[in-house]
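The paragraphs below go from a single helix to the contacts around it.

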Amino acid sequence: MRKSALIPGLSVAALLAVASPAGALDIFGWKPFGGDKKNETKTATSEEEAAAAAELRKGEALESSGNLSGALKVFRPIVKNYDLTAAAPKALLHVGHILERQGDYNGAFKAYAEYTTKFPKGTDFDQVIQSQYNIASMYLGGKKTKVLG
């Protein structure tokens, strides 16, 4: 390596090392390990909770009447739009159950996986894990899968 390239490089490295420890790694606003992020947890408002609960009841009514596709159309937006509410994990659980009833085991497994990642402290977590286990066991037992759709 040339000395002409080495000297400016070492100079820049020395300046970065001598800078204040808090700002030493602050390159273009990036700070390692989260930087100055506040440790805030977001929660749903009471209006969002009420709206999500109403939609959940609507979806459950559709599901119990046998309108599974209509129920899916109600449950999926709850998970997407009201993900901080108590209704969201329940809606996602319903999505998984409906997809299982319709024979879409792959989609049901994905819905359960989404539940485990989004709502690891959900009240139905054990039930979701059991459902995933049942689907996996079914495929290991020889259930044929769709390859191209």
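A residue is called exposed when its relative accessible area is over 50%, and buried when that area is under 20%. The model shown here is predicted, and these two words can be applied to helix H6, residues 125-140.

Which residues of H6 are buried? They are Val128, Ser131, Gln132 and Ile135. These four cover an arc of only 100 degrees around the axis, so they lie on the same side of H6. An α-helix has 3.6 residues a turn, so residues three or four places apart point the same way. On the other side of H6, the exposed residues are Asp126, Tyr133 and Leu140. The length of H6 can be checked as well: at 1.5 Å a residue, its 16 residues should span 22 Å, and the C-alpha atoms at its ends are 22 Å apart, which agrees. After H6 comes Gly142, with a positive phi near 115 degrees.

What do the buried residues of H6 pack against? Their partners are H4 and H5. Two packed helices are described by the angle between their axes and the distance between the axes. For H5, residues 105-118, and H6, the angle is about 145 degrees and the axes are 10 Å apart. The crossing of H5 past H6 is left-handed. On the H5 side, the contact includes Tyr105, Phe109, Tyr112 and Thr116, while the H6 side includes Phe125, Ile129, Met138 and Tyr139. Sorted by class, the contact of H5 with H6 holds twelve nonpolar residues, four polar ones and no charged ones.

H4 also belongs to a pair with H3. Helix H3 covers residues 68-81 and helix H4 residues 87-101; they pack at an angle of about 145 degrees, with axes 8 Å apart. H3, too, passes H4 in a left-handed crossing. Among the residues that meet are Leu68, Ala71, Phe75 and Arg76 in H3 and Ala91, His94, Ile98 and Arg101 in H4. The contact of H3 with H4 divides into 13 nonpolar residues, one polar and two charged.

Glu63 is found in helix H2, residues 46-64. Is Glu63 buried or exposed? Its relative accessibility is 11%, so Glu63 counts as buried. Apart from neighbours within four places in sequence, Glu63 is in contact with Leu68, Ala71, Phe75, His94, Ile98 and Arg101.

Definitions and conventions. Residues are numbered from 1 along each chain as its sequence is written. This is a predicted model: local features need pLDDT of at least 70, side-chain atom pairs count only at pLDDT 80 or more; totals for chains, interfaces and linings use all residues. Side-chain values use heavy atoms; hydrogens and water are left out. Axes are lines fitted to C-alpha atoms, for helices over the stretch in contact, and angles run from 0 to 180 degrees between N-to-C directions. A crossing is left-handed if the near helix is turned anticlockwise from the far one by less than a right angle, and right-handed if clockwise. Contact means heavy atoms within 4.5 Å. Ala, Val, Leu, Ile, Met, Phe, Trp, Tyr, Cys and Pro count as nonpolar, Asp, Glu, Lys and Arg as charged, and the others, Gly among them, as polar. Buried means under 20% relative accessible area, exposed over 50%, partly exposed in between (1.4 Å probe, protein chains only). The expected span of a helix is 1.5 Å times one less than its number of residues. The arc is that of the directions from the helix axis to the C-beta atoms.
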